[in-house]
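Work through the exercises below with the structure open. Try each task before reading its solution.

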Amino acid sequence: MTHLFDPLTLRSVTVRNRVWISPMCQYAVERRDGVPTAWHAVHLGQFALGGAGAVIVEATAVSPEGRISPRDTGIWNDQQAAAWAPITAFLSAHGATPGIQLAHAGRKASTRAPWGEGAGSGSVPAAEGGWETLAPSAVAFEGYAVPREMTLTDIAGVARDFASAARRAVDAGFELLEIHAAHGYLLHQFLSPLSNLRRDSFGGSLENRARLLLTVIREVRTRVGEVPILVRFSATDWTEGGLSVEDIATVAGLAVEAGADFYDISSGGLIPGARIPVGPGYQVPLAAHIGAEVSVPVGAVGLITTAEQAQEIVASGDADVVLIGREALRNPHFALEAATTLGRSEGLIPGPYERAYGH
């Protein structure tokens, strides 16, 4: 039986356990230059001290126009990479494998952050520092500005941006690279027939709609050698005529051939108001379905809140990893407390914290 605190190896990287921190946007770059700050160092570092196996950094833009909001982190230049380096060093020094989610928001870019100066909803106008957004087709996300349909030159440029950002991330000390193809952002927009109305080689059939994602994976692989590549998928759009879990299982199989090593399975985000049956572990069956169809490990995310629940997901084989999001915000030491509950905390408790655990 696989245990939650067994290690997992992807290519040459071994992660100490199967409790990983899901990427969570912080919208905390007040200078709007994409450079991570002291907030990010403390926010992420606490999860390493709290026993997580891997800590995956929030959606980090591969280009300025790829940011969800002006307050997002980036990794499109060397200044940003240099600021990430001490953060990855701290995570590694305390046993957590540092990962980063590489992202382009597409039609959901240039939006107001949910908190901080200028907070609100909808698109940021140019007069306030916003920018023109890009998408496979000129179809707006409800309440946002209409994007410009991408040219073939734009599409090739995005693939290069992902590859360059991936190389920069590896040089900054990241050991896992997650390509964001979920939650209604650019690569998901290409995958879904609800947002991709193109009639060229990047539209129409599922294989054509997957072409950009597969190109990104291949180009990233050529730039990073044997570093593990993860992909986050929305396994369903929860909307009639949208992507189904069977569609994503097909794309996932193609992505393995392109060089992907692991799938992080979420859902939704493309269409506002989709009816999602939210409940404890509600996305686990999606991960289990895709895991049964592909030859690489998968992770499950979404309302996983207890040690026993997390252990059951891994022990049953429904997923190889659990990714913890909001529960980790409430309790950054979720992994360590779960290990204590399950009797697997040996070697996981930081020395300065041992007194709190009776050692």
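**Exercise 1: a loop tyrosine**

Tyr185 has a relative accessible area of 13%, so Tyr185 is buried. The model used here, and in every exercise, is a predicted one.

Task: find where Tyr185 is placed and list what Tyr185 is in contact with, leaving aside neighbours within four places in sequence.

Solution. 
- Start with the place. Tyr185 is in the loop between strand S8 (176–181) and helix H4 (186–191).
- Next, the contacts. Beyond its neighbours within four places in sequence, Tyr185 touches Ile68, His104, Ala105, Lys108 and His180.
- Finally, a distance. His94 is 91 residues from Tyr185 in sequence, and their C-alpha atoms are 32 Å apart.

**Exercise 2: a loop threonine**

Solution. 
- Apply the cut-off: buried means under 20% relative accessible area.

**Exercise 3: the barrel**

Task: trace the strand order of the closed barrel and examine how S10 joins S11.

Solution. 
- From one strand to the next, it averages 25°.
- Zoom in on one pair. Strand S10 (residues 262–266) and strand S11 (residues 298–301) run parallel and are joined by three bridges. Tyr263 has Val298 in S11 as its bridge partner.
- Now look at a helix on the sheet. H6 packs there and touches S8 and S9. The direction of H6 makes about 165° with that of S8.

**Exercise 4: two helices**

Task: describe how H3 passes H6 and which residues make the contact.

Solution. 
- Take the geometry. The axes of helix H3 (residues 152–171) and helix H6 (residues 211–224) come within 8 Å and cross at roughly 35°. The crossing is right-handed.
- Name the residues. H3 contributes Ile155, Ala159, Arg160, Phe162, Ala163, Ser164, Ala166, Arg167 and Val170. H6 contributes Leu212, Thr215, Val216, Glu219, Val220, Arg223 and Val224.
- Sort them. The contact of H3 with H6 has 10 nonpolar residues, two polar and four charged.

Technical notes
Residues are numbered from 1 along each chain as its sequence is written. This is a predicted model: local features need pLDDT of at least 70, side-chain atom pairs count only at pLDDT 80 or more; totals for chains, interfaces and linings use all residues. Side-chain values use heavy atoms; hydrogens and water are left out. Axes are lines fitted to C-alpha atoms, for helices over the stretch in contact, and angles run from 0 to 180 degrees between N-to-C directions. Helices (H or I, at least four residues) and strands (E, at least two) are DSSP runs, numbered from the N terminus. A crossing is left-handed if the near helix is turned anticlockwise from the far one by less than a right angle, and right-handed if clockwise. Contact means heavy atoms within 4.5 Å. Ala, Val, Leu, Ile, Met, Phe, Trp, Tyr, Cys and Pro count as nonpolar, Asp, Glu, Lys and Arg as charged, and the others, Gly among them, as polar. Buried means under 20% relative accessible area, exposed over 50%, partly exposed in between (1.4 Å probe, protein chains only). Two strands pair if DSSP finds at least two bridges between them.
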